[in-house]
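The sequence and the structure come first.

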Amino acid sequence: MAQNGKRFKLKICCIGAGYVGGPTMAMIALKAPDIEVVVVDINEARIAAWNSDTLPIYEPGLEDVVKEALGRNLFFSTEVKKHVADADVVFVSVNTPTKTRGVGAGKAADLTYWEGAARMIASVSTSSKIIVEKSTVPVKTAEAIEKVLRRNCDDDSVQFDILSNPEFLAEGTAVADLMKPDRVLIGGKDTARGRQAMEVLKSVYAHWVPEENILLTNLWSAELTKLTANAMLAQRISSVNSISALCEVTGADISQVSHAIGTDSRIGPKFLNASVGFGGSCFQKDILNLVYICETLGLKMVADYWNSVVEINDYQKQRFVERVIESMFNTISGKIITILGFAFKKDTGDTRETPAIDVCKGLIGDNAQLHIYDPQVSKKQMLGDLTTPKFEWDHPSARQQATTLMDKHVETFEDAYSAAKGSHALCILTEWDEFKELDFRRIYKDMVKPAFIFDGRNILNHSALREMGYIVYALGKPLDPFLHKSQD
(Lines give C-alpha, C1' and ligand atoms only; values in the text may rest on other atoms or scores of the structure.)
Protein backbone atom coordinates (compact mmCIF):
# COMPACT_ATOMS: atom_id res chain seq x y z
CA MET A 1 0.00 0.00 0.00
CA ALA A 2 2.90 2.33 -0.60
CA GLN A 3 1.41 5.64 -1.69
CA ASN A 4 2.71 6.69 -5.12
CA GLY A 5 5.48 4.13 -4.86
CA LYS A 6 6.71 5.53 -1.56
CA ARG A 7 8.53 3.04 0.62
CA PHE A 8 7.83 3.25 4.35
CA LYS A 9 10.63 2.60 6.82
CA LEU A 10 8.36 0.48 9.00
CA LYS A 11 5.08 -1.35 8.45
CA ILE A 12 2.61 -1.67 11.32
CA CYS A 13 -0.52 -3.80 11.29
CA CYS A 14 -3.10 -3.66 14.07
CA ILE A 15 -5.56 -6.51 14.52
CA GLY A 16 -8.79 -5.01 15.86
CA ALA A 17 -10.47 -1.79 14.72
CA GLY A 18 -12.31 -0.99 17.94
CA TYR A 19 -12.08 1.69 20.63
CA VAL A 20 -8.38 1.12 21.22
CA GLY A 21 -6.98 -0.05 17.89
CA GLY A 22 -8.63 2.54 15.66
CA PRO A 23 -7.77 5.77 17.54
CA THR A 24 -4.29 4.59 18.59
CA MET A 25 -3.25 3.63 15.08
CA ALA A 26 -4.76 6.82 13.64
CA MET A 27 -2.60 8.90 15.98
CA ILE A 28 0.54 6.91 15.13
CA ALA A 29 -0.16 7.42 11.43
CA LEU A 30 -0.78 11.14 11.94
CA LYS A 31 2.43 11.70 13.89
CA ALA A 32 4.65 9.27 11.94
CA PRO A 33 4.04 9.78 8.20
CA ASP A 34 7.11 7.67 7.41
CA ILE A 35 5.38 4.58 8.90
CA GLU A 36 2.64 2.61 7.14
CA VAL A 37 -0.22 1.77 9.49
CA VAL A 38 -2.91 -0.74 8.49
CA VAL A 39 -5.80 -1.57 10.82
CA VAL A 40 -7.48 -4.88 10.03
CA ASP A 41 -10.70 -6.45 11.26
CA ILE A 42 -12.99 -9.24 10.07
CA ASN A 43 -16.00 -6.97 10.71
CA GLU A 44 -16.69 -5.58 7.23
CA ALA A 45 -19.22 -3.00 8.44
CA ARG A 46 -16.74 -1.59 10.97
CA ILE A 47 -13.95 -1.29 8.39
CA ALA A 48 -16.35 0.35 5.93
CA ALA A 49 -17.28 2.87 8.61
CA TRP A 50 -13.63 3.75 9.27
CA ASN A 51 -13.23 4.39 5.54
CA SER A 52 -16.35 6.58 5.43
CA ASP A 53 -17.34 10.01 6.71
CA THR A 54 -19.18 8.40 9.64
CA LEU A 55 -16.70 6.72 11.99
CA PRO A 56 -17.85 3.67 13.98
CA ILE A 57 -17.01 5.32 17.30
CA TYR A 58 -17.50 8.83 18.64
CA GLU A 59 -14.51 10.63 20.14
CA PRO A 60 -14.01 14.40 20.08
CA GLY A 61 -11.28 15.24 17.54
CA LEU A 62 -10.94 11.72 16.14
CA GLU A 63 -12.53 12.52 12.79
CA ASP A 64 -9.91 15.17 12.02
CA VAL A 65 -7.05 12.83 12.93
CA VAL A 66 -8.36 10.04 10.71
CA LYS A 67 -9.15 12.36 7.82
CA GLU A 68 -5.63 13.76 7.68
CA ALA A 69 -3.84 10.41 7.59
CA LEU A 70 -6.37 8.18 5.78
CA GLY A 71 -5.06 7.11 2.38
CA ARG A 72 -1.64 8.67 3.05
CA ASN A 73 -0.18 6.17 5.46
CA LEU A 74 -3.29 5.04 7.36
CA PHE A 75 -5.44 2.26 5.90
CA PHE A 76 -8.35 0.13 7.13
CA SER A 77 -8.83 -3.30 5.59
CA THR A 78 -10.54 -6.68 5.97
CA GLU A 79 -7.57 -8.45 4.35
CA VAL A 80 -6.26 -9.57 7.69
CA LYS A 81 -3.79 -12.27 6.72
CA LYS A 82 -2.21 -10.26 3.89
CA HIS A 83 -1.37 -7.26 6.02
CA VAL A 84 -0.27 -9.30 9.04
CA ALA A 85 2.13 -11.20 6.77
CA ASP A 86 3.55 -7.94 5.38
CA ALA A 87 4.00 -6.19 8.73
CA ASP A 88 7.16 -5.65 10.76
CA VAL A 89 5.18 -4.87 13.92
CA VAL A 90 1.79 -6.41 14.72
CA PHE A 91 -0.38 -4.82 17.41
CA VAL A 92 -3.06 -7.11 18.82
CA SER A 93 -6.07 -5.16 20.05
CA VAL A 94 -8.80 -7.79 20.28
CA ASN A 95 -11.46 -8.34 22.93
CA THR A 96 -10.41 -10.00 26.17
CA PRO A 97 -13.88 -10.25 27.79
CA THR A 98 -14.70 -11.75 31.14
CA LYS A 99 -15.39 -15.49 30.91
CA THR A 100 -19.08 -16.35 31.13
CA ARG A 101 -18.71 -20.10 31.72
CA GLY A 102 -16.25 -22.68 32.92
CA VAL A 103 -13.31 -22.21 35.31
CA GLY A 104 -13.03 -18.57 36.38
CA ALA A 105 -16.45 -17.59 34.99
CA GLY A 106 -17.41 -14.07 36.03
CA LYS A 107 -13.83 -13.06 36.83
CA ALA A 108 -11.12 -14.49 34.58
CA ALA A 109 -10.27 -12.98 31.20
CA ASP A 110 -11.31 -14.98 28.16
CA LEU A 111 -8.25 -15.11 25.88
CA THR A 112 -9.96 -17.02 23.06
CA TYR A 113 -9.65 -14.13 20.60
CA TRP A 114 -6.05 -13.40 21.58
CA GLU A 115 -5.01 -17.03 21.11
CA GLY A 116 -6.82 -17.16 17.78
CA ALA A 117 -4.98 -14.04 16.64
CA ALA A 118 -1.64 -15.55 17.71
CA ARG A 119 -2.28 -18.76 15.76
CA MET A 120 -3.19 -16.77 12.67
CA ILE A 121 -0.10 -14.54 12.96
CA ALA A 122 2.13 -17.60 13.23
CA SER A 123 0.50 -19.35 10.27
CA VAL A 124 1.02 -16.46 7.83
CA SER A 125 4.42 -15.16 8.98
CA THR A 126 7.39 -15.65 6.67
CA SER A 127 9.51 -12.96 8.35
CA SER A 128 10.33 -12.11 11.96
CA LYS A 129 7.92 -9.78 13.73
CA ILE A 130 7.45 -7.78 16.86
CA ILE A 131 4.11 -8.69 18.46
CA VAL A 132 2.62 -6.00 20.69
CA GLU A 133 -0.01 -6.71 23.34
CA LYS A 134 -2.40 -3.77 23.18
CA SER A 135 -5.38 -5.57 24.69
CA THR A 136 -5.65 -5.70 28.46
CA VAL A 137 -4.40 -9.16 29.43
CA PRO A 138 -3.58 -11.11 32.61
CA VAL A 139 -0.03 -11.19 33.92
CA LYS A 140 2.12 -13.82 32.11
CA THR A 141 -0.06 -13.80 28.98
CA ALA A 142 2.99 -12.94 26.88
CA GLU A 143 4.62 -16.17 28.00
CA ALA A 144 1.66 -18.25 26.83
CA ILE A 145 1.27 -16.35 23.56
CA GLU A 146 4.94 -16.83 22.76
CA LYS A 147 4.50 -20.59 23.05
CA VAL A 148 1.49 -20.49 20.72
CA LEU A 149 3.40 -18.43 18.16
CA ARG A 150 6.47 -20.65 18.16
CA ARG A 151 4.51 -23.90 17.95
CA ASN A 152 2.36 -22.74 15.03
CA CYS A 153 4.97 -21.26 12.70
CA ASP A 154 6.48 -23.68 10.18
CA ASP A 155 9.45 -21.46 9.34
CA ASP A 156 12.23 -21.94 11.92
CA SER A 157 13.95 -18.75 10.78
CA VAL A 158 11.01 -16.61 11.86
CA GLN A 159 11.41 -15.02 15.28
CA PHE A 160 8.68 -13.39 17.39
CA ASP A 161 9.47 -10.77 20.00
CA ILE A 162 6.60 -10.09 22.39
CA LEU A 163 6.08 -6.64 23.88
CA SER A 164 3.44 -5.32 26.24
CA ASN A 165 2.22 -1.80 25.42
CA PRO A 166 -0.95 -1.27 27.48
CA GLU A 167 -3.29 1.60 26.65
CA PHE A 168 -4.28 4.21 29.23
CA LEU A 169 -6.99 6.00 27.28
CA ALA A 170 -10.04 7.60 28.83
CA GLU A 171 -13.03 7.58 26.54
CA GLY A 172 -14.23 11.05 25.71
CA THR A 173 -10.63 12.34 25.89
CA ALA A 174 -8.90 9.57 23.93
CA VAL A 175 -7.49 11.87 21.24
CA ALA A 176 -6.05 14.27 23.81
CA ASP A 177 -4.69 11.31 25.80
CA LEU A 178 -2.96 9.99 22.68
CA MET A 179 -1.68 13.41 21.66
CA LYS A 180 -0.10 14.15 25.05
CA PRO A 181 0.11 10.92 27.07
CA ASP A 182 1.20 10.98 30.71
CA ARG A 183 3.38 8.02 29.81
CA VAL A 184 3.84 5.34 27.19
CA LEU A 185 4.68 2.01 28.80
CA ILE A 186 6.62 -0.64 26.90
CA GLY A 187 7.45 -3.98 28.49
CA GLY A 188 9.79 -6.55 27.01
CA LYS A 189 12.34 -9.23 27.80
CA ASP A 190 15.67 -8.24 29.25
CA THR A 191 17.57 -9.88 26.40
CA ALA A 192 19.41 -8.44 23.41
CA ARG A 193 16.45 -9.17 21.12
CA GLY A 194 13.95 -7.95 23.71
CA ARG A 195 15.75 -4.66 24.24
CA GLN A 196 16.08 -4.18 20.48
CA ALA A 197 12.34 -4.76 20.01
CA MET A 198 11.55 -2.24 22.74
CA GLU A 199 13.75 0.35 21.03
CA VAL A 200 11.89 -0.18 17.75
CA LEU A 201 8.53 0.49 19.38
CA LYS A 202 10.01 3.36 21.38
CA SER A 203 11.14 4.97 18.10
CA VAL A 204 7.53 4.90 16.86
CA TYR A 205 6.20 6.86 19.83
CA ALA A 206 9.27 9.11 19.89
CA HIS A 207 7.86 10.85 16.81
CA TRP A 208 5.80 12.96 19.23
CA VAL A 209 6.18 11.70 22.82
CA PRO A 210 9.11 13.09 24.89
CA GLU A 211 11.66 10.40 25.69
CA GLU A 212 11.23 10.86 29.44
CA ASN A 213 7.56 9.91 29.07
CA ILE A 214 8.36 6.57 27.43
CA LEU A 215 8.89 4.02 30.20
CA LEU A 216 10.61 0.67 29.60
CA THR A 217 9.94 -2.25 31.98
CA ASN A 218 9.91 -6.01 31.92
CA LEU A 219 6.93 -7.79 30.39
CA TRP A 220 5.24 -8.78 33.63
CA SER A 221 5.46 -5.31 35.16
CA ALA A 222 3.84 -3.76 32.08
CA GLU A 223 0.99 -6.28 32.08
CA LEU A 224 0.32 -5.82 35.80
CA THR A 225 0.59 -2.02 35.62
CA LYS A 226 -2.45 -1.81 33.34
CA LEU A 227 -4.66 -3.87 35.67
CA THR A 228 -3.43 -2.01 38.73
CA ALA A 229 -3.92 1.45 37.23
CA ASN A 230 -7.56 0.74 36.38
CA ALA A 231 -8.16 -0.93 39.74
CA MET A 232 -6.83 2.09 41.64
CA LEU A 233 -8.86 4.57 39.59
CA ALA A 234 -12.02 2.54 40.19
CA GLN A 235 -11.09 2.28 43.87
CA ARG A 236 -11.17 6.08 44.17
CA ILE A 237 -14.64 6.20 42.63
CA SER A 238 -15.98 3.48 44.91
CA SER A 239 -14.36 5.14 47.92
CA VAL A 240 -16.07 8.47 47.32
CA ASN A 241 -19.35 6.75 46.42
CA SER A 242 -19.31 4.88 49.72
CA ILE A 243 -18.90 8.20 51.53
CA SER A 244 -21.79 9.67 49.50
CA ALA A 245 -24.12 7.19 51.21
CA LEU A 246 -22.84 8.34 54.59
CA CYS A 247 -23.30 11.99 53.61
CA GLU A 248 -26.98 11.49 52.85
CA VAL A 249 -27.79 10.11 56.30
CA THR A 250 -25.64 12.63 58.21
CA GLY A 251 -26.48 15.82 56.31
CA ALA A 252 -22.97 16.25 54.93
CA ASP A 253 -22.43 17.29 51.29
CA ILE A 254 -20.27 14.94 49.20
CA SER A 255 -19.26 17.76 46.84
CA GLN A 256 -17.84 19.74 49.74
CA VAL A 257 -16.14 16.67 51.21
CA SER A 258 -14.62 15.71 47.84
CA HIS A 259 -13.36 19.23 47.21
CA ALA A 260 -11.82 19.47 50.66
CA ILE A 261 -9.95 16.18 50.49
CA GLY A 262 -8.97 16.85 46.87
CA THR A 263 -7.04 19.95 47.91
CA ASP A 264 -4.65 17.64 49.77
CA SER A 265 -1.67 17.36 47.39
CA ARG A 266 -1.17 13.75 48.45
CA ILE A 267 -4.66 12.87 47.22
CA GLY A 268 -5.48 15.30 44.41
CA PRO A 269 -8.91 16.11 42.94
CA LYS A 270 -9.28 13.59 40.11
CA PHE A 271 -11.81 10.74 40.23
CA LEU A 272 -13.46 12.11 43.36
CA ASN A 273 -16.84 13.02 41.88
CA ALA A 274 -19.60 10.91 43.40
CA SER A 275 -21.88 9.29 40.86
CA VAL A 276 -24.35 6.50 40.30
CA GLY A 277 -21.37 4.23 39.59
CA PHE A 278 -18.43 3.66 37.27
CA GLY A 279 -18.69 1.98 33.89
CA GLY A 280 -16.71 1.49 30.71
CA SER A 281 -15.04 -1.50 29.15
CA CYS A 282 -12.09 -1.80 31.52
CA PHE A 283 -12.67 -0.96 35.16
CA GLN A 284 -14.87 -3.84 36.27
CA LYS A 285 -13.34 -6.33 33.85
CA ASP A 286 -9.78 -5.55 34.93
CA ILE A 287 -10.58 -5.59 38.65
CA LEU A 288 -12.31 -8.98 38.36
CA ASN A 289 -9.34 -10.24 36.37
CA LEU A 290 -7.03 -9.01 39.13
CA VAL A 291 -9.25 -10.70 41.73
CA TYR A 292 -9.09 -14.00 39.85
CA ILE A 293 -5.32 -13.85 39.51
CA CYS A 294 -4.96 -13.20 43.25
CA GLU A 295 -7.35 -16.05 44.08
CA THR A 296 -5.49 -18.53 41.90
CA LEU A 297 -2.19 -17.53 43.53
CA GLY A 298 -3.59 -18.00 47.02
CA LEU A 299 -3.84 -14.30 47.89
CA LYS A 300 -7.40 -14.42 49.22
CA MET A 301 -7.25 -11.27 51.34
CA VAL A 302 -5.88 -9.28 48.41
CA ALA A 303 -8.60 -10.71 46.16
CA ASP A 304 -11.32 -9.79 48.67
CA TYR A 305 -9.97 -6.27 48.98
CA TRP A 306 -10.19 -5.56 45.25
CA ASN A 307 -13.50 -7.37 44.87
CA SER A 308 -15.01 -4.96 47.39
CA VAL A 309 -14.44 -2.14 44.90
CA VAL A 310 -16.86 -3.85 42.50
CA GLU A 311 -19.29 -4.65 45.31
CA ILE A 312 -19.49 -0.98 46.32
CA ASN A 313 -20.14 -0.05 42.69
CA ASP A 314 -23.02 -2.53 42.50
CA TYR A 315 -24.31 -1.25 45.85
CA GLN A 316 -24.32 2.35 44.59
CA LYS A 317 -26.44 1.47 41.57
CA GLN A 318 -28.88 -0.56 43.65
CA ARG A 319 -29.05 2.21 46.25
CA PHE A 320 -30.00 4.70 43.53
CA VAL A 321 -32.81 2.45 42.29
CA GLU A 322 -34.12 1.95 45.82
CA ARG A 323 -34.03 5.70 46.44
CA VAL A 324 -36.17 6.29 43.34
CA ILE A 325 -38.73 3.70 44.42
CA GLU A 326 -38.89 4.82 48.07
CA SER A 327 -39.22 8.49 47.12
CA MET A 328 -42.10 7.82 44.74
CA PHE A 329 -44.30 6.36 47.48
CA ASN A 330 -42.76 2.87 47.23
CA THR A 331 -44.30 2.14 43.85
CA ILE A 332 -43.22 2.97 40.32
CA SER A 333 -45.44 0.41 38.62
CA GLY A 334 -46.81 1.91 35.42
CA LYS A 335 -45.12 5.27 36.09
CA ILE A 336 -43.06 6.93 33.37
CA ILE A 337 -39.47 7.60 34.38
CA THR A 338 -37.28 9.54 31.99
CA ILE A 339 -33.65 8.44 31.76
CA LEU A 340 -31.36 11.24 30.60
CA GLY A 341 -28.10 9.68 29.49
CA PHE A 342 -27.25 6.06 28.74
CA ALA A 343 -23.55 6.20 27.83
CA PHE A 344 -21.24 5.47 30.74
CA LYS A 345 -19.92 9.04 30.63
CA LYS A 346 -20.21 12.15 28.50
CA ASP A 347 -18.50 12.70 25.14
CA THR A 348 -18.65 9.04 24.16
CA GLY A 349 -21.25 6.73 22.71
CA ASP A 350 -19.81 3.77 24.62
CA THR A 351 -22.30 1.91 26.79
CA ARG A 352 -20.13 -0.98 27.95
CA GLU A 353 -20.82 -1.63 31.65
CA THR A 354 -22.64 1.71 31.89
CA PRO A 355 -24.42 2.06 35.24
CA ALA A 356 -27.54 2.98 33.27
CA ILE A 357 -28.00 -0.69 32.38
CA ASP A 358 -28.40 -1.89 35.96
CA VAL A 359 -30.41 1.17 36.97
CA CYS A 360 -32.82 0.70 34.07
CA LYS A 361 -33.14 -3.03 34.75
CA GLY A 362 -33.85 -2.28 38.40
CA LEU A 363 -36.60 0.20 37.52
CA ILE A 364 -38.10 -2.12 34.93
CA GLY A 365 -38.05 -4.87 37.56
CA ASP A 366 -40.58 -2.77 39.48
CA ASN A 367 -42.66 -2.37 36.31
CA ALA A 368 -41.70 1.21 35.45
CA GLN A 369 -42.10 2.58 31.93
CA LEU A 370 -38.84 4.15 30.73
CA HIS A 371 -38.36 7.04 28.34
CA ILE A 372 -34.67 7.18 27.41
CA TYR A 373 -32.67 9.88 25.66
CA ASP A 374 -28.93 9.95 24.97
CA PRO A 375 -27.41 12.14 22.25
CA GLN A 376 -24.96 9.45 21.11
CA VAL A 377 -26.60 6.06 21.81
CA SER A 378 -29.05 4.41 19.42
CA LYS A 379 -32.23 2.59 20.36
CA LYS A 380 -30.77 -0.65 19.00
CA GLN A 381 -27.76 -0.30 21.28
CA MET A 382 -29.89 0.47 24.34
CA LEU A 383 -32.22 -2.49 23.80
CA GLY A 384 -29.29 -4.75 23.09
CA ASP A 385 -27.59 -3.71 26.32
CA LEU A 386 -30.75 -4.18 28.37
CA THR A 387 -31.35 -7.70 27.02
CA THR A 388 -27.76 -9.00 27.00
CA PRO A 389 -26.76 -11.16 30.01
CA LYS A 390 -24.06 -9.84 32.31
CA PHE A 391 -20.51 -10.20 30.93
CA GLU A 392 -21.84 -11.14 27.48
CA TRP A 393 -21.61 -7.59 26.06
CA ASP A 394 -18.02 -8.15 24.87
CA HIS A 395 -18.77 -11.45 23.15
CA PRO A 396 -19.70 -10.82 19.49
CA SER A 397 -22.12 -13.77 19.34
CA ALA A 398 -24.25 -12.15 22.03
CA ARG A 399 -24.50 -8.88 20.11
CA GLN A 400 -25.67 -10.20 16.76
CA GLN A 401 -29.27 -9.12 17.19
CA ALA A 402 -30.90 -6.80 19.70
CA THR A 403 -34.08 -8.41 20.97
CA THR A 404 -37.33 -6.52 21.39
CA LEU A 405 -38.05 -8.00 24.80
CA MET A 406 -37.77 -4.58 26.42
CA ASP A 407 -39.99 -2.80 23.88
CA LYS A 408 -43.04 -2.78 26.15
CA HIS A 409 -41.04 -1.10 28.94
CA VAL A 410 -38.65 1.11 26.97
CA GLU A 411 -39.23 3.95 24.54
CA THR A 412 -36.38 6.05 23.13
CA PHE A 413 -36.50 9.68 22.03
CA GLU A 414 -34.53 12.12 19.89
CA ASP A 415 -34.53 14.93 22.45
CA ALA A 416 -34.87 15.43 26.19
CA TYR A 417 -38.10 17.44 26.04
CA SER A 418 -40.01 14.73 24.20
CA ALA A 419 -38.62 12.10 26.55
CA ALA A 420 -39.71 14.02 29.65
CA LYS A 421 -43.26 14.75 28.51
CA GLY A 422 -45.80 13.05 30.76
CA SER A 423 -43.17 11.52 33.02
CA HIS A 424 -43.24 11.27 36.80
CA ALA A 425 -39.49 11.56 37.30
CA LEU A 426 -36.18 12.37 35.60
CA CYS A 427 -33.01 10.38 36.29
CA ILE A 428 -29.72 11.97 35.23
CA LEU A 429 -27.36 9.06 34.53
CA THR A 430 -24.78 10.64 32.20
CA GLU A 431 -23.18 14.06 32.73
CA TRP A 432 -23.78 15.38 29.20
CA ASP A 433 -23.24 19.17 29.14
CA GLU A 434 -26.49 19.71 27.24
CA PHE A 435 -28.48 18.48 30.25
CA LYS A 436 -27.24 21.47 32.28
CA GLU A 437 -28.72 23.83 29.70
CA LEU A 438 -32.22 22.33 29.52
CA ASP A 439 -35.25 24.54 30.16
CA PHE A 440 -36.47 22.77 33.28
CA ARG A 441 -39.43 25.15 33.71
CA ARG A 442 -40.71 23.97 30.34
CA ILE A 443 -40.12 20.35 31.31
CA TYR A 444 -41.85 20.80 34.67
CA LYS A 445 -45.07 21.98 33.02
CA ASP A 446 -45.32 18.73 31.05
CA MET A 447 -44.60 16.36 33.95
CA VAL A 448 -46.94 14.56 36.35
CA LYS A 449 -46.89 16.15 39.81
CA PRO A 450 -45.15 15.85 42.15
CA ALA A 451 -42.29 15.97 39.66
CA PHE A 452 -39.08 14.27 40.79
CA ILE A 453 -35.48 14.69 39.65
CA PHE A 454 -32.87 12.14 40.68
CA ASP A 455 -29.47 13.58 39.82
CA GLY A 456 -27.04 10.68 39.68
CA ARG A 457 -24.21 12.91 38.47
CA ASN A 458 -24.72 16.09 40.54
CA ILE A 459 -24.56 18.34 37.49
CA LEU A 460 -27.73 20.40 38.01
CA ASN A 461 -28.59 23.51 40.06
CA HIS A 462 -30.60 21.78 42.75
CA SER A 463 -31.76 24.86 44.65
CA ALA A 464 -33.09 26.43 41.44
CA LEU A 465 -34.94 23.22 40.59
CA ARG A 466 -36.56 23.12 44.03
CA GLU A 467 -37.75 26.69 43.57
CA MET A 468 -39.44 25.58 40.33
CA GLY A 469 -41.34 22.93 42.29
CA TYR A 470 -39.29 19.81 41.71
CA ILE A 471 -38.59 17.23 44.41
CA VAL A 472 -34.85 16.77 44.02
CA TYR A 473 -32.61 13.91 45.07
CA ALA A 474 -28.95 14.88 44.70
CA LEU A 475 -26.60 11.98 45.23
CA GLY A 476 -24.53 12.36 48.38
CA LYS A 477 -26.16 15.61 49.47
CA PRO A 478 -28.58 16.48 52.31
CA LEU A 479 -31.98 15.00 51.51
CA ASP A 480 -34.91 17.07 50.34
CA PRO A 481 -37.42 17.38 53.24
CA PHE A 482 -40.04 15.69 51.05
CA LEU A 483 -37.77 12.63 50.77
CA HIS A 484 -37.30 12.51 54.52
CA LYS A 485 -41.06 12.32 54.95
CA SER A 486 -41.36 9.52 52.44
CA GLN A 487 -39.10 7.39 54.64
CA ASP A 488 -41.00 7.88 57.90
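## Basis

This is a predicted model, in which local features need pLDDT of at least 70 and side-chain atom pairs count only at pLDDT 80 or more, while totals for chains, interfaces and linings use all residues. Residues are numbered from 1 along each chain as its sequence is written, and side-chain values use heavy atoms, with hydrogens and water left out.

## Cysteines

Zero disulfides are found in a search of the whole structure; a disulfide is a pair of cysteine sulfur atoms within 2.5 Å. For Cys294, the closest cysteine sulfur is that of Cys282, and at 18 Å it is too far for a bond. For Cys360, the closest is in Cys427, at 8.2 Å, which is also too far for a bond.

Cys294 is buried at a relative accessible area of 8%, and Cys360 is buried at 0%. Buried means under 20% relative accessible area, exposed over 50%, and partly exposed in between, with a 1.4 Å probe and protein chains only.

## Aromatic rings

The structure holds 14 aromatic pairs. Rings of Phe, Tyr and Trp (its six-membered ring) pair if their centres lie within 6.5 Å; planes under 30 degrees apart count as stacked, over 60 as edge-to-face and the rest as tilted. Tyr205 and Trp208 have ring centres 5.7 Å apart and planes at 55 degrees, so this pair is tilted. Both Tyr205 and Trp208 are buried.

Phe271 and Phe283 also form a tilted pair, with 6.4 Å from centre to centre and 45 degrees between the planes. This pair links distant parts of the chain, 12 residues apart: Phe271 lies in the loop between helix H10 (254-262) and helix H11 (283-296), and Phe283 lies in helix H11. Helices (H or I, at least four residues) and strands (E, at least two) are DSSP runs, numbered from the N terminus. Phe271 is partly exposed at 35% relative accessibility, whereas Phe283 is buried at 13%.

One aromatic cluster is formed by Phe320, Phe329, Phe452, Phe454, Tyr473 and Phe482.

## Charges over rings

The charged end of Arg442 sits over the Tyr417 ring, 3.8 Å from its centre. Likewise, the charged end of Lys449 sits over the ring of Tyr444, at 4.6 Å from the centre. The criterion is NZ of Lys or CZ of Arg within 6 Å of the ring centre and within 35 degrees of the ring normal.
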